[in-house]
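The stops below are given in the order in which to select them.

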Amino acid sequence: MAYDYEKSLRPGKLPHIWCPGCGHGIVMKGLLRAMDTCGLEKNNTALVSGIGCASRLPGYVDMCTLHTAHGRAAAFATGVKMARPEMNVIVMGGDGDGTAIGGNHFIHACRRNIDMTYVIMNNFIYGMTGGQFSPCTPTGDKASTTPYGNPDPTFDISKLAIGAGATFVARTTAFHATQIDKLIAEGIKHKGMAIIEVLDDCPTTYGRRNKFRSVVDMMKRLKDMAVPVTAAGKMTAEQLEGKILTGVLYKEDKPEYCEQYAKVIARAQGVK
Amino acid sequence: MAKKVALMQGNEACAHGAMYAGCTFFGGYPITPSTEVAEVLSNELPKVGGKFIQMEDEIAAMASVLGASLTGAKVLTATSGPGVSLKQELIGYACIAEIPCVIINVMRGGPSTGMPTGPGQSDVQQAKWGTHGDHATIALVPASVQEIFTETVRAFNLAEKYRMPVQVLYDEIVGHMRERIEFPEAGELEVINRTLPSVPPEQYKPYDTSFGDVPPLAAFGSGYRFHVTGLNKAQDGFPTTKAEYVDAEERRQVRKVEGEVARVQIESNEEYLTEDAEVLVFAYGSTSRSARYAVNELRKEGIKAGLFRPITLWPFPEKRISALGKQVKAIIVPEMNLGQMNLEVERVVKGSCPVISIGRVDGEPLNPGQIIAQVKEVK
Ligand SMILES: Cc1ncc(C[n+]2csc(CCOP(=O)(O)OP(=O)(O)O)c2C)c(N)n1
Ligand code: SF4
Ligand SMILES: [Mg+2]
């Protein structure tokens, strides 16, 4: 029997705004399956996003949803979580939203190790505004503002998250659809900041300018670039050239922010 | 029983006013001359189980209070001009999404870093027009330590009642000055909390105007699921581009503050010797203290001067200023900027009398002598 996604979606809100072949829908389905696996209660889950094609996702999902301003999702989510630590907080957003305009909020949310799950949908481009380069656009690639090729170096989002202090960091791609929900579910169960980077595709603004003739070509690209972290050990540096490691990249147990603040409250109230 | 009294700084009084109003969440970023508000609240909030968070910048601080407010918390952030400039993006978000919050702006000069430790009143137009788009503004301008306490409480009440951001602006002089303050007893000042929905979750719409111009606001995590966005939205909270919905919502959000009835409830002014005044001084914040002194001196010399002191600066007291403009020979507007509210007074009196600005931006307080000299010139 086909999986029932509709039970988690708001009635009457489809069709979504995404283009045919856009990877964001695949990630949304992964999120819905993960929420199911974890048994998240709709009333007790906040889904927070910024601005961009990816950030439109919460509008379709039947939870407490907050579509904020460009880049600010992690900071809004921090307020939600601090004020109501018993809520599950999930942030969804794009590569531009999370690592350019929202980069500062992203690294500080990681540093605090506040208990939330941040799914960052990296399509290597600013999709919504028509394909300008993002901090994740590969060097040399074409974007609407890099007609001669992108001169900028790129962020490795997962490495950035690990460096900033996130205690669960995983990566997969829209091609590896069945891994998306597993990693998101692991992130939700993890106590602390969990970053799940999903490499996906924007055929409309990125693919078209970079010689990916079809969505199939774009998916093939994702398939080819992914190397499971468990397999990487047996590969030579040459073989790993241009590849991206997938799977759980980092996991650590560290004090969580709201729990730390609960101790502040106890000390202020004179509890020894 | 004798009232609890203390000698206290304006910023400290602000923090205690917030606690009195039932503030449970503060998100901030340090900046002179506002930092004491954060320092006191970092100490007081956890004592009552409230939350204090120092964010990575003012944008994040503003975002954190809005997120917290949506879970039902009564929220505050405090900053100064450069920080308010950063917060403007999300002040606009709070306006359109209608999220209650209080923003303290302890004003210094500017633009940019300006004079961090000098007083200024340079953000009074920023308070009104700092964020893009049409929107209503409520801004309060207390002039003493005691009034900072009571106006902070009132700011929370207005934010909760009208479901919107409310700004409290005071200059560095009142923020750092120490004065005697009498603490109101619990229950002495009114404390208002936002209206929660009376309908069951399945019927709830976050912008349902069948309850009036200020729709009830549910809390995330309380059994109500809804969508919040900064896009123009319909009454159900979901984005729309339909002209009639967008227009109706924009107009409602302005009307809820600037409508006749709301204005009367929000406006608050003090008039001193205005009844027979021939020259009016329009002054707010610490400048109004110099103005009162000047009026007293002028009266001793037989010059009929009066003081109009707005305590609510926005919405602007249009009716009363328009009437006074017809009564007096001139209105003098002293302020620690180069004539920002002078513009508004001019707009409202529509030429019925001269409006004269006294601007001071050298980091020194505006003194009574300057005002006395100007009044004598027009007499
Ligand atoms: C303050 C601000 N600056 C710029 C924009 C314009 N803008 C909207 S979406 C976007 C880029 C989104 O890119 P990304 O986060 O990667 O999401 P995608 O559309 O690719 O899914 C930009 C620059 C905006 N909405 N707000
Ligand atoms: S523009 Fe790109 S990211 Fe946006 S919906 Fe279309 S394919 Fe997806
Ligand atoms: Mg993108």
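## Aromatic pairs in chain B

Start by selecting B:Tyr204 and B:Phe226, both of which are buried, meaning under 20% relative accessible area, where over 50% is exposed and anything in between partly exposed (1.4 Å probe, protein chains only). This is a predicted model, in which local features need pLDDT of at least 70 and side-chain atom pairs count only at pLDDT 80 or more, while totals for chains, interfaces and linings use all residues. Residues are numbered from 1 along each chain as its sequence is written, chains are lettered from A and ligands numbered from 1 in the order in which they are written, and side-chain values use heavy atoms, with hydrogens and water left out.

Rings of Phe, Tyr and Trp (its six-membered ring) pair if their centres lie within 6.5 Å; planes under 30 degrees apart are stacked, over 60 edge-to-face, and the rest tilted. By this rule there are 16 aromatic pairs over all chains. Select B:Tyr20 and B:Phe149 for one of them: the ring centres are 5.7 Å apart and the planes stand at 65°, so the pair is edge-to-face. B:Tyr20 is in helix H1 (residues 10-21) of chain B and B:Phe149 in helix H6 (residues 145-162) of chain B, so this pair links distant parts of the chain, 129 residues apart. B:Tyr20 is buried at a relative accessible area of 19%, and B:Phe149 is buried at 2%.

Return to B:Tyr204 and B:Phe226, whose rings form an edge-to-face pair, with 5.5 Å from centre to centre and 80° between the planes. Both residues lie in the loop between S8 and strand S9 (227-229) of chain B, so the pair ties together parts that are 22 residues apart in sequence. Helices (H or I, at least four residues) and strands (E, at least two) are DSSP runs, numbered from the N terminus.

Next, select B:Phe282, B:Tyr284, B:Phe308, B:Trp314 and B:Phe316, which ring pairs link into a cluster.

A salt bridge here is a side-chain nitrogen of Lys or Arg within 4 Å of a carboxyl oxygen of Asp or Glu. B:Lys3 sits in the segment before strand S1 (5-9) of chain B, and B:Glu182 in strand S8 (residues 178-182) of chain B, 179 residues apart. B:Lys3 is partly exposed, at 31% relative accessibility, and B:Glu182 is also partly exposed, at 31%.

Stay on strand S8 of chain B and select B:Glu179, which lies in it. B:Glu179 is buried, with a relative accessible area of 17%. Its side chain makes a polar contact with the side chain of B:Arg289 at 2.3 Å. A polar contact is a pair of N or O atoms within 3.5 Å; within protein, one must be able to donate a hydrogen and the other to accept it, and residues adjacent in sequence count only if both atoms are side-chain atoms.

## Further salt bridges

The structure holds 42 salt bridges over all chains. Select B:Arg252 and B:Glu98, whose side chains meet in one at 2.7 Å, N to O. B:Arg252 lies in helix H8 (residues 243-258) of chain B and B:Glu98 in the loop between helix H4 (81-97) and strand S5 (101-107) of chain B, so the pair ties together parts 154 residues apart in sequence. Both B:Arg252 and B:Glu98 are buried.

Now select B:Glu318 and B:Arg347, a salt bridge with its closest N and O atoms 2.9 Å apart. B:Glu318 is in helix H11 (residues 318-327) of chain B and B:Arg347 in helix H12 (residues 340-349) of chain B, 29 residues apart. B:Glu318 is partly exposed at 29%, as is B:Arg347 at 44%.

## Ligand 1

Finish at ligand 1, which 18 residues surround, the closest being A:His24, A:Cys53, A:Asp95, A:Asp97 and A:Gly127; a residue is near if one of its heavy atoms lies within 4 Å. The surrounding residues come from chains A and B, so the site is shared between chains. Helix H3 (residues 95-101) of chain A gives the most to the shell, with four residues.

Select A:Asp95, which has a side-chain N or O atom 2.6 Å from an oxygen atom of ligand 1. A:His24 places a polar side-chain atom 2.8 Å from a ligand 1 oxygen atom, and A:Gly127 has a backbone N or O atom 2.8 Å from an oxygen atom of ligand 1. The protein covers 75% of the 590 Å² of accessible area that ligand 1 has on its own (Shrake-Rupley method, 1.4 Å probe; for residues, only the protein chains shown count as cover).
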